[in-house]
Amino acid sequence: MLIPPMWWDRQPHTRTAEGESRVVLLHGLGRSWHAMNPLARRLHSAGFSTLNLPYPSLVKPLDWILDYVDDRISQFAGNGPVHLVGHSLGGIISRMLIARGPSWKPGRLVMMAPPNGGSEIIDWLSGKRVVKPFLSSAARSLASDGVPAKLPPLPPGLEAIVIMGNRSSIPFFRKLLATDNDGIVSTEAGRIAGLKGFSVVDADHTFIQVHPETVRRTLAFLTTGASAD
């Protein structure tokens, strides 16, 4: 779960199931496919074909990542819709993909702990001369006046939910965040217009994607379209 991205471990992990139900999983900033693998296995056991897609979030800008992810999904997509499940930065990338109008058909969207309102932590780190040079381009894009603030509303007809956490296991950043937060993102910073469901689970930012309640809600939504609120 905490294995960082390694140069030898960047290949997509695909599990094929019968039928046309397909799900793409996108991890968060500085993570690897391992972070989403427990959820990918659970979705596959429920009958979904899954593409657990690693991407170089620490070395490439978002434009490059977007093209790479879009191309990989195009190769994976069949004739039916492709559901997207994104954790943190993965949720923002999912919104960017949908906004650009991909060649494949987007299905339902699940965002886990997405900084839809921008990241207060990135704002703070960007103001530190010692730290700023070490922030990746993708990380800097998550500032409050960055990509999240410039994304268009969710398109009409898109079924999307957000699942946020409210357990903070990283005390260092608490003063930068609202009272309710997951240690990295303020709970309310995940809310945007047009959602079919917005829920909060007792999880921190790092492990929200494998929290049992998150898994249950994700599976229910992708299967039936019910938000499970």
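**Exercise 1.** What radius of gyration would a compact globule of 229 residues have, and what does the chain have?

*Solution.* Keep in mind that this is a predicted model. Start with the expectation: for 229 residues, a compact globule would come out near 17 Å. Now take the chain: its value is 16 Å, which agrees. Next, the extents: the C-alpha trace spans about 50 × 35 × 35 Å along its principal axes. Then burial: 54% of the 229 residues are buried. Last, the contacts: of those between residues at least 6 apart in sequence, 74% join residues at least 24 apart.

**Exercise 2.** List the secondary structure in sequence order.

*Solution.* Count the elements: 7 helices and 7 strands. Then read along the sequence: β-β-α-β-α-β-α-β-α-α-α-β-β-α.

**Exercise 3.** Which residues of helix α1 are buried, and why do they line one face?

*Solution.* Locate α1 at residues 37-45; N37, L39, A40 and L43 are buried there. Look down the axis of α1: these buried residues fall within an arc of 155°, so they line one face of the helix. Recall the helix geometry: with 3.6 residues a turn, residues three or four places apart point the same way. Now find the cover. Among the elements over the buried residues of α1 are the strands β1 (13-15), β2 (22-26) and β3 (49-53). The cover also includes β4 (82-87), β5 (106-112) and helix α7 (212-224). Finally, step past the helix: G47 follows α1 and has a positive phi, near 105°.

**Exercise 4.** Describe the surface and the charges.

*Solution.* The accessible surface comes to about 10,300 Å², and 55% of this belongs to carbon and sulfur atoms. Count 24 positive and 18 negative side chains. The centres of the two sets lie 3 Å apart.

Note on methods
Residues numbered from 1 in each chain as written. Predicted model: local features only at pLDDT ≥ 70, side-chain atom pairs only at ≥ 80, totals over all residues. Heavy atoms only, no water. Helix = DSSP H or I, 4+ residues; strand = E, 2+ residues; numbered from the N terminus. Rg over C-alpha atoms; globule rule 2.2 N^0.38 Å. Buried < 20%, exposed > 50% of the residue type's maximum accessible area, 1.4 Å probe, protein only. Contact = heavy atoms within 4.5 Å. Areas by Shrake-Rupley, 256 points an atom, 1.4 Å probe, with all protein chains shown as cover. Lys, Arg positive; Asp, Glu negative; His and termini not counted. Charge placed at Lys NZ, Arg CZ, Asp CG, Glu CD. Arc of directions from axis to C-beta.
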